[in-house]
Amino acid sequence: MEPSCRHLSAAVLATAILCWTPVARAASITLSDAIDRALHVAPSVDVAAASSDMSVAHVREQRAPLFPTIGAGAEYYQAPGYNEVVTNRGLSAAMLTLDYTAWDWGRRRALLRAAEYVNEASRLGVTAARAQIVFDTSIAYFDLLRARGEQRALQDSLERMTRYVTTIQALEKSGRVITNDVLKFRTARDSAELALDAARSNSERATATLGILIGEPNQPDLDIASLTGLPPEPSGDLAQSPVMQAAQRAIASANSQIEAAKAERLPTFQVAFTTGFVGIDPPETVSHNFGGSYDGVMSLPIFDGGLIASHIDQAKAKAHSATAQARQAEYILKKRVADASLRYDEAKRQLDILLRAQPTADDNFGLTWSRFLGGGSATMLEVLDAYQQAEQLRLQHFDQEFNAREAVAETSLLFGHTQ
């Protein structure tokens, strides 16, 4: 074989391979993918997590007083004028001290329980933040689906109107229609073009909103997967929602603070153990029970100018406020769930009606258009009115699908579902 022929065959083979190699395309972003990306991108989860970390540290702070404290210290102080026999003209000390509050009528335990309830509420705040991100992302996803669906429908409408204008213009040349009829159709076509441009802008805004939420801004060609059918209406117990659980934790925390404030009026018993030496003869001091000593203190507040009473009143006020907020949260949640359920049922009814009405409207326009073209009694205004009715029903379908999905997403948010 000639060299040139071999080169030609290789080129043909390479071309064939390139032609048959499948082009890799990025998969469409599903709703689940969008939610996962948004959960990784959104800063609100980090904010809630930081608050939870702070409450964990506060729990450790309140737990620390339940244990004894151990400290060590050494001191040497010298100044003129001291008796050398006693102080060696200075002060020498080395001490190891253990302090412990043996009994405080449960005050420390109450403060610890209050901190633990706050910590549980902060963890529920993370769950609530995740649920809010799921809701926001879902709404943005549904809004983009609606905007692109309306854009496609209006694009088809504009193309049909363009064909109808061409047909009317041909009929004008044959003398079957007047110029006024042509102008009416051109005006209708211009209106369809304006509606398409508005729908295109809505689609771009919806794309930008979803892109920011999932960490892909400035992606005008964001490809998302379509959804078929409507999801079922979620159910659950509002008492188990993160909002209500956090409200109950706030009430329990406030009640524990009341117990801690009341315990301030009761006596406390503290003990202290020390070992070491003070003076000019450390060996003699240490040899006597290693220089050990102990101390016990019983303390009882007699007059504090109303400080403890103010602590109790503040804790009671917090408990009253937490109870009121829990009742308000329950009221709002029930109201929103009922409203979302009504909107879901209404959207489903509307979709059923649209499913039946759309073929009728399309047939009505087809018959009216045929009567107009066939020289019947149908006027141009009747044709345009029948066309606009059919198109409005077609666009309402996207709105009602969005309404139903929005109601489902809001109900899931209220119940605290994160997926």
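Buried, in this talk, means under 20% relative accessible area. Keep that cut-off in mind. The model is predicted.

Start with Tyr-164. Its relative accessible area is 15%, so Tyr-164 is buried. What does its ring pair with? Tyr-164 forms an aromatic pair with Tyr-387. The geometry is edge-to-face. The centres are 5.9 Å apart, and the planes stand at 90°. Now look at where the two partners come from. Tyr-164 is in helix H5, and Tyr-387 is in helix H10, residues 380-415. They are 223 residues apart, so this pair links distant parts of the chain. Tyr-387 is buried too, with a relative accessible area of 7%.

Next pair: Trp-369 and Phe-372. Stacked or edge-to-face? The ring centres lie 6.0 Å apart and the planes are at 25°, so this pair is stacked. Both residues are in helix H9, residues 307-373. They are three residues apart, which means a separation of about one helical turn. Trp-369 counts as buried because its relative accessibility is 11%. Phe-372 has 12%, so Phe-372 also counts as buried.

Tyr-164, Tyr-387, Trp-369 and Phe-372 belong to one aromatic cluster, along with Phe-185 and Phe-365. Across the whole structure, the search finds nine aromatic pairs.

Stay on helices H5 and H10 for a moment. Arg-146 is in H5, and Asp-399 is in H10. They form a salt bridge, with the closest N and O atoms 3.7 Å apart. Again, distant parts of the chain are linked: these two are 253 residues apart. Asp-399 has a relative accessible area of 27%, so it is partly exposed. Arg-146 has another contact. Which ring does its charged end sit over? The ring of Phe-402, at 3.8 Å from the ring centre.

On to the other charged contacts. How many salt bridges does the structure hold? The count is 20. Let me pick out a few.

Arg-63 bridges to Glu-116. The closest N and O atoms are 3.7 Å apart. Arg-63 is in helix H3, residues 43-63, and Glu-116 is in helix H5. How covered are the two ends? Arg-63 is partly exposed, with a relative accessible area of 32%. Glu-116 comes in at 31%, so Glu-116 is partly exposed as well.

Then Arg-108 and Asp-104. Their closest N and O atoms are 2.8 Å apart in the salt bridge. Buried or exposed? Arg-108 is buried, and so is Asp-104.

One network deserves a look on the screen. Arg-336, Asp-339, Arg-343, Glu-406 and Glu-410 are linked together by salt bridges.

Last, the surface. Which residues form the nonpolar patch? Trp-103, Trp-105, Leu-266, Phe-269 and Met-298. Together they have about 540 Å² of accessible area. Take Trp-105 as an example. Trp-105 is in the loop between strand E2, residues 90-103, and helix H5, residues 107-173. Its relative accessibility is 45%, so Trp-105 counts as partly exposed.

The aromatic cluster, with Tyr-164 and Tyr-387 among its members. The salt bridge from Arg-146 to Asp-399, linking H5 and H10. And the nonpolar surface patch, including Trp-105.

Note on methods:
Residues numbered from 1 in each chain as written. Predicted model: local features only at pLDDT ≥ 70, side-chain atom pairs only at ≥ 80, totals over all residues. Heavy atoms only, no water. Patch = residues over 30% accessible without salt bridge, like charges linked within 9 Å, V, L, I, M, F, W, Y side chains within 5 Å. Areas by Shrake-Rupley, 256 points an atom, 1.4 Å probe, with all protein chains shown as cover. Salt bridge = Lys/Arg side-chain N within 4 Å of Asp/Glu carboxyl O. Helix = DSSP H or I, 4+ residues; strand = E, 2+ residues; numbered from the N terminus. Buried < 20%, exposed > 50% of the residue type's maximum accessible area, 1.4 Å probe, protein only. Phe/Tyr/Trp six-rings, centres within 6.5 Å; stacked < 30°, edge-to-face > 60°. Lys NZ or Arg CZ within 6 Å of the ring centre and 35° of its normal.
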